[in-house]
Amino acid sequence: MRRRLLVAGVAVLAVVVAAVVAFAFVTEDTLSGQAEQDRKCCWKRGATPRWMSETMGLRIPAAAADGRAGYKTSSRYDIGILAFTLPSREADAYLSRLVPEDEEMVANLHPEQKGYEPMAPFAHLGLPEPETLVKGMRRIGFCPDGLTSPEGKRLRYCVDLFVHEFTPGSTRVYVRSTIEPGVTPPPTGPGS
């Protein structure tokens, strides 16, 4: 009798484990499928550097060139990306007014491998992913909560900020921000 109960218990346990494993595989496939769809989907037309900087609350310096922006919606949150170039001296001055005094930008000591694709890749703007760059790359992340730096006072959302001196004297600033869903998407159509 005990042996039958033990065999029945093992059989029930095996069925439960099989069900959990099957559920895990189905859930993983569903989640990875959703993540893959989110990665490839939903870039909104009309996201200009000016609109994106206003949405983030991050001023683009007057000396900036080659401004690029993108805005993407997904199933969980929206993401804004912004990039522009500055002469390195002006980039350093801008960053000194943006980055909180008690924080320091760090080198990218653990770069992502070639082929890395975040949820909102800068490749959408024709740029390399800053997480893959090492030489001349610095990075930092911060949020507007209590931010008192002169440029940071207007910041509306948390940002990941990357700065890359891609040629001597020229620096590209990359900004990625997770934005709460429901922000009015960028304008589209003529004149946008």
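C158 is partly exposed, with a relative accessible area of 36%. The model shown here is predicted.

**Disulfides**

- The whole structure contains two disulfides.
- One of them is formed by C143 and C158, whose sulfur atoms are 1.9 Å apart.
- The torsion about the S-S bond of C143 and C158 is about 110 degrees, so this disulfide is right-handed.
- Both C143 and C158 lie in the loop between strand 5 (137-142) and strand 6, and the pair therefore ties together parts that are 15 residues apart in sequence.
- C143 counts as partly exposed, at 32% relative accessibility.
- Another disulfide links C41 to C42, with an S to S distance of 2.1 Å.
- The link of C41 and C42 is right-handed, with 60 degrees about the S-S bond.
- C41 is partly exposed at 26% relative accessibility, and C42 is partly exposed at 27%.
- When bonded cysteines are counted along the chain, the disulfides follow the pattern 1-2, 3-4.

**Strand 7 and its partners**

- Strand 7 covers residues 170-179, and eight of its 10 residues are buried, so the strand is largely enclosed by the rest of the structure.
- Strand 7 pairs with strand 3 in the antiparallel sense over 10 bridges.
- On this side, P87 stands opposite S170 of strand 7.
- Strand 6 (residues 159-167) also runs antiparallel to strand 7, and eight bridges join the two.
- V163 has V173 in strand 7 as its bridge partner.
- Strand 6 and strand 7 form a hairpin with two residues between them, and G169 in the turn has a positive phi of about 90 degrees.
- The charged end of R172 sits over the ring of F166, 4.5 Å from the centre of that ring.

**Aromatic pairs**

- There are three aromatic pairs in the structure, and two of them are described here.
- The ring centres of W51 and Y71 are 5.1 Å apart and the ring planes stand at 85 degrees; planes over 60 degrees apart count as edge-to-face, so this pair is edge-to-face.
- W51 belongs to helix 2 (residues 49-56) and Y71 to strand 2 (residues 65-72), so the pair ties together parts that are 20 residues apart in sequence.
- W51 is buried, with a relative accessible area of 14%, and Y71 is buried as well, with a value of 0%.
- F84 and Y94 form an edge-to-face pair, 6.1 Å from centre to centre and with 75 degrees between the planes.
- F84 lies in strand 3 (residues 78-87) and Y94 in helix 3 (residues 88-98), so this pair ties together parts that are 10 residues apart in sequence.
- F84 counts as buried at 1% relative accessibility, and Y94 is buried with a relative accessible area of 1%.

- T48 is placed in the loop between strand 1 (43-44) and helix 2.
- The relative accessible area of T48 is 27%, and the residue is partly exposed.
- A polar atom of the T48 side chain lies 3.0 Å from the backbone nitrogen of W51.
- The C-alpha atoms of T48 and R68 are separated by 6.9 Å, although these residues are 20 residues apart along the chain.

Key:
Residues numbered from 1 in each chain as written. Predicted model: local features only at pLDDT ≥ 70, side-chain atom pairs only at ≥ 80, totals over all residues. Heavy atoms only, no water. Phe/Tyr/Trp six-rings, centres within 6.5 Å; stacked < 30°, edge-to-face > 60°. Helix = DSSP H or I, 4+ residues; strand = E, 2+ residues; numbered from the N terminus. Buried < 20%, exposed > 50% of the residue type's maximum accessible area, 1.4 Å probe, protein only. Lys NZ or Arg CZ within 6 Å of the ring centre and 35° of its normal. Pairing = 2+ DSSP bridges. Polar contact = N/O pair within 3.5 Å; in protein donor to acceptor, adjacent residues only side chain to side chain. Disulfide = S-S within 2.5 Å.
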